[in-house]
Amino acid sequence: MKYCLLSLLLSLPAAADTLSQRVDDSGVSHLSDVPHPHTERASDHQQAAGIAVGSSPMAAAPPLPITNYRVTFNSPRDGDTLCSQQGNVSLSAALDPLPEYYQLELWLDGQAAARVSNSPRLTLENLASEQYQAFFKLLDKNGKFLAESSTITFYLRRARVGQASQAAP
């Protein structure tokens, strides 16, 4: 029995010499003892890298860190009524964590309204007096989506200079 177990253990490095390795379209590495088209022998790859064949399993690459970004409105707040003679509205966001480089895109009533780079603030000019729904999208430097704020509703009232106030009946 000892000799069977010993011969089995001694044959393992030889079996490891016939492994094939391939990387699929998603970048996942696959090892198999059955050759697959477009593969290379794992032992050739390991020997070229200076790894002893059969001495230890291949180490998997460490996973890339995933950052969960949060975007929230600083101003205006949900339900705020803003007054501006010119119809200008300043909006600002809080980002957590703050990316090294980013783009902040404002969506107003379902349409992209403005985009700024590396700034949590932007100003819209000459808006009409009405109700608006807004949210921010956080994008990386290549325009890839990172996070989105919740939608807020704010109201804009434009007062005209010299407008007489009307008495309520």
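Which residue in β11 is the bridge partner of Leu-139? Phe-145 in β11 holds that place. The model is predicted, so local features need pLDDT of at least 70 and side-chain atom pairs count only at pLDDT 80 or more, whereas totals for chains, interfaces and linings use all residues. Residues are numbered from 1 along each chain as its sequence is written, and side-chain values use heavy atoms, with hydrogens and water left out. Strands, like helices, are DSSP runs numbered from the N terminus (strands: E, at least two residues; helices: H or I, at least four residues).

**Strands and their pairing**

- Strands of a sheet pair through backbone hydrogen bonds, in either a parallel or an antiparallel sense.
- Two strands count as paired if DSSP finds at least two bridges between them.
- β10 (131-139) is joined to β11 (residues 145-148) by 3 bridges, and the two strands run antiparallel.
- These strands, β10 and β11, form a hairpin with 5 residues between them, and Gly-143 in the turn has a positive phi of about 85°.
- The antiparallel pairing of β4 and β6 extends over 5 bridges, and Phe-73 stands opposite Ala-93 in β6.

**The nonpolar core**

- A nonpolar core is a set of buried Ala, Val, Leu, Ile, Met, Phe, Trp, Tyr and Cys residues joined through side-chain atoms within 4.5 Å.
- The largest such core has 21 residues, of which Val-71, Leu-91, Leu-106, Phe-136 and Phe-154 touch the most other members.
- At least two residues of this core come from each of β4 (70-75), β6 (89-96), β7, β9 (121-124), β10 and β12 (152-157).
- Neighbours within four places in sequence aside, Leu-106 is in contact (heavy atoms within 4.5 Å) with residues including Phe-73, Leu-91, Leu-122, Leu-124 and Phe-136.

**Glu-105**

- Glu-105 belongs to strand β7 (residues 103-108).
- With a relative accessible area of 9%, Glu-105 is buried (buried means under 20% relative accessible area, exposed over 50%, and partly exposed in between, with a 1.4 Å probe and protein chains only).
- The side chain of Glu-105 makes a polar contact of 2.7 Å with the side chain of Trp-107, and one of 2.6 Å with the side chain of Arg-115.
- A polar contact is a pair of N or O atoms within 3.5 Å; within protein, one must be able to donate a hydrogen and the other to accept it, and residues adjacent in sequence count only if both atoms are side-chain atoms.

**Backbone features in the loops**

- Most residues other than glycine have a negative phi, and most peptide bonds are trans.
- The peptide bond from Ser-75 to Pro-76 is cis, with omega near -5°; Pro-76 lies in the loop between β4 and β5 (81-83).
- A cis peptide bond also leads from Asp-96 to Pro-97, with omega near -10°, and Pro-97 lies in the loop between β6 and β7.
- Asp-109, in the loop between β7 and β8 (111-117), has a positive phi of about 50° although it is not a glycine.
- Asp-109 is partly exposed, with a relative accessible area of 41%.
- Asn-118, in the loop between β8 and β9, is not a glycine and yet has a positive phi of about 55°.
- Asn-118 counts as partly exposed at 38% relative accessibility.
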